[in-house]
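Take a look at the model below.

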Amino acid sequence: MQYNLTLFKQADLHQLTAFLNHAWEFDSITADLLNEKLYGDPNWQPELALVMHDENQIIGFMQGVVRDIRGIRYGYIKLMGVAQKYRRKGIASTLYNKLESAFKDLAVEVIRIYDAPLNYWMPGIDPKYTPALCWALRKGFKRFEDTANLKVDLYNQNWDTSLQEKKLASEGIEVRRAKADDKQAVLDFIQDEWALWGNEVKMTFKDTPPSIHIALVNGQVKAFSAHNGNNKGTGWFGPMGTHPDLRGKGMGAILLKRCLNDMKDMGLKHSVIPWVGPIDFYGWHANAIVERIFWRFEKTLK
Ligand SMILES: CC(C)(COP(=O)(O)OP(=O)(O)OC[C@H]1O[C@@H](n2cnc3c(N)ncnc32)[C@H](O)[C@@H]1OP(=O)(O)O)[C@@H](O)C(=O)NCCC(=O)NCCS
């Protein structure tokens, strides 16, 4: 192949943004968001961000990241695309072969596509990207699960929770927006069950005021919900969690609505509730509808 494979460098950011917006038929990304997916990834490894050029023009891209999760080392294809007129010429395969060999050198055990927790673009392959499905199967991946992104119309709905909050207050439960100095308490709260959400929670504390609401019992954080922790500025909801002892008291619904109200105040028309999960909970409390389905793929390396 006469094309030239290089590593991504900062100077490529704007050309790469334009390239991806052209290569992806069903998504668009800004330079800021792409920056978040690259340098903003807690496991950013520049040697896994591969760019294919035809002379000075970007014609293919594949980013990998590696994460250790519950004792397994995962390698993720986090982003990929090939320019339409260069497809079926083996470009994605060449990028992938290079990435897979780097993953092997890094002792990766399982490779997945797109669903890289902590900082991700989409939680799998949207089957509308049919060439990507065919490509993944051809590369030896197996489909193992589906997940969905839900969409919430932020207008024409009432997100006021003051009455429910008064009721909880009478039971000794305080609900409020987190303050900057609540950060460690929230991180401690999620440490045992939801440590994987730490990065997104930290990202929400970068906003002023923080994009995170909490419920406290005797001053202890017992539930939280957050937004703007991933794909910043897009109306991305989550994560959220309530301590098992306190479920069923309506805290989750209140916390969810507080986040939705924040996003409405930011001027957004819709929120995305990604990588779900309990569709009925969001359907009931926020009239959320399934907007996109994603298929998840994995390949086990020997
Ligand atoms: C998916 C994508 C990256 C594949 O890039 P590519 O460079 O065309 O892929 P390759 O040439 O390496 O394809 C290798 C094999 O995958 C399979 N494949 C790829 N595209 C296919 C298609 N449209 N239909 C059927 N099989 C296909 C074929 O088996 C192909 O081998 P062959 O051409 O010898 O039959 C490209 O289609 C793309 O950029 N799509 C839009 C972006 C995208 O889907 N990103 C992922 C979103 S989750």
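Why does a radius of gyration of 21 Å agree with a compact globule for the protein chain? With 302 residues, such a globule would have a radius near 19 Å, and the chain's 21 Å agrees with that. The radius is taken over C-alpha atoms, and the globule rule is 2.2 Å times the number of residues to the power 0.38.

This is a predicted model, in which local features need pLDDT of at least 70, side-chain atom pairs count only at pLDDT 80 or more, and totals for chains, interfaces and linings use all residues. Residues are numbered from 1 along each chain as its sequence is written.

The C-alpha trace spans about 70 × 40 × 35 Å along its principal axes. The protein chain has nine helices and twelve strands. These are DSSP runs numbered from the N terminus: helices are H or I with at least four residues, strands are E with at least two.

The chain is assigned two domains. Domain 1 covers 4-146 + 296-300, and domain 2 covers 155-268. The bounds come from an automatic or database domain assignment. Eight residues from domain 1 and six residues from domain 2 make the contact. Two residues are in contact if their C-beta atoms, placed from the backbone, lie within 7 Å. The C-alpha centres of the two domains lie 31 Å apart.

Now look inside. Buried residues make up 39% of the 302 residues. A residue is buried if 20 or more other C-beta atoms, placed from the backbone, lie within 10 Å of its own. The largest nonpolar core has 46 residues. Such a core is a set of buried Ala, Val, Leu, Ile, Met, Phe, Trp, Tyr and Cys residues joined through C-beta atoms within 7 Å. Among those with the most contacts inside this core are Phe61, Met62, Ala92 and Leu95. Leu95 touches Leu50, Met52, Gly60 and Met62, not counting residues up to four places away in sequence. Apart from this core lies another, of 35 residues, among them Val186, Phe189, Ile212 and Phe237.

Which residues come nearest to the ligand? Of the 20 residues around it, they are Arg87, Ala92, Ser93, Pro131 and Cys134. A residue counts as near if its C-beta atom, placed from the backbone, lies within 6 Å. Strand 4 (72-82), helix 3 (91-105) and helix 4 (130-138) each give two or more residues to this shell. Helix 4 gives the largest share, five residues.

Conventions:
Buried ≥ 20, exposed ≤ 12 C-beta atoms within 10 Å, placed from the backbone.
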